[in-house]
Amino acid sequence: VQLQACGGGLVQAGGSLRLSCAASGRTFSNYAMGWFRQAPGKEREFVAAISRSGTSPYYADSVKGRFTVSRDNNKNTVYLQMNTLKPEDTAVYYCAAGPVVTNTPQGYFGWGQGTLVTVSS
């Protein structure tokens with residue numbers, strides 16, 4: 001499955017962004033989808049994931065209550081709505097596909113190009 005994330009940009013602290021990740025190549029609804037991020041000099045970390053049907057969203061504690069993951073299987077797209085952004089949310093955000101919802105990068109086999117999110121203070 002090929003993935004392409006977009007929607008990143010520069011935003012002030014407290015602002016919002018919506019990331020999108022479009023999939024092609026295989027049946028999108030067959031895969032759980034995850035969002036990860038990687039800040040400069042840091043390891044890639046889990047942000048959120050959603051099951052194949054769109055139920056059972058799963059969030060990292062650092063974003064719970066601020067970020068919402070959703071998907072539209074008719075549009076082969078997964079979304080990450082990010083509200084109340086903080087400077088520590090600054091990172092390259094990646095989407096990924098896998099067989100089941102998990103918070104480990106090793107659980108995903110398809111990775112898209114990242115999109116940069118920069119939150120200014």
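Two strands count as paired if DSSP finds at least two bridges between them. The strands themselves, like helices, are DSSP runs numbered from the N terminus (E, at least two residues, for a strand; H or I, at least four residues, for a helix). The model is a predicted one, so local features need pLDDT of at least 70 and side-chain atom pairs count only at pLDDT 80 or more, while totals for chains, interfaces and linings use all residues. Residues are numbered from 1 along each chain as its sequence is written, and side-chain values use heavy atoms, with hydrogens and water left out.

For 121 residues, a compact globule would have a radius of gyration near 14 Å, and the 13 Å of the protein chain agrees with that. The radius here is taken over C-alpha atoms, and the globule rule is 2.2 Å times the number of residues to the power 0.38. Along the principal axes, the C-alpha atoms fill a box of roughly 40 × 25 × 25 Å. Some 44% of the 121 residues count as buried (buried is under 20% relative accessible area, exposed is over 50%, partly exposed is in between; 1.4 Å probe, protein chains only). The exposed surface comes to about 6000 Å², with carbon and sulfur atoms supplying 47% of it; the areas come from the Shrake-Rupley method with a 1.4 Å probe, and for residues only the protein chains shown count as cover. Contacts (heavy atoms within 4.5 Å) reach across the sequence: among those with a separation of 6 or more, 55% are between residues 24 or more positions apart.

Back to the pairing. Strands β3 and β8 belong to an open sheet of four strands, ordered β1-β3-β8-β7, with antiparallel pairing. The edges are β1 (2-6) and β7 (67-72), each of which pairs on one side only. From one strand to the next, the twist averages 15° (axes are lines fitted to C-alpha atoms, for helices over the stretch in contact, and angles run from 0 to 180 degrees between N-to-C directions). In general, the strands of a sheet pair through backbone hydrogen bonds, either parallel or antiparallel. Residue by residue, L19 stands opposite L80 in β8, and S20 stands opposite Y79 in β8. On the β1 side, five bridges join β1 to β3, again antiparallel, and A5 has C21 in β3 as its bridge partner.

Not counting residues up to four places away in sequence, C21 touches L3, Q4, A5, M33, W35, N76, T77, V78 and C95. Y58, by contrast, lies 37 residues from C21 in sequence and 17 Å away in space, C-alpha to C-alpha.

Then there are the charges. The structure holds four salt bridges, where a salt bridge is a side-chain nitrogen of Lys or Arg within 4 Å of a carboxyl oxygen of Asp or Glu. R37, E45, R66 and D89 are linked in a network of such bridges. R37 is buried at 6% relative accessible area, whereas E45 is partly exposed at 34%. R37 also meets D89, at 2.9 Å, N to O. That pair links distant parts of the chain, with D89 in the loop between β8 and β9 (91-98) and R37 in strand β4 (residues 32-38), 52 residues apart. D89 and R37 are both buried. D89 forms a further salt bridge with R66, the closest N and O atoms being 2.7 Å apart. Because D89 lies in the loop between β8 and β9 and R66 in the loop between β6 (58-59) and β7, the pair ties together parts that are 23 residues apart in sequence. R66 is buried, as is D89.

The loop between β8 and β9 also holds K86, which is partly exposed at 34% relative accessible area. Leaving aside neighbours within four places in sequence, K86 is in contact with R66 and V119. K86 and S16 are 70 residues apart in sequence, and their C-alpha atoms are 9.8 Å apart in space.
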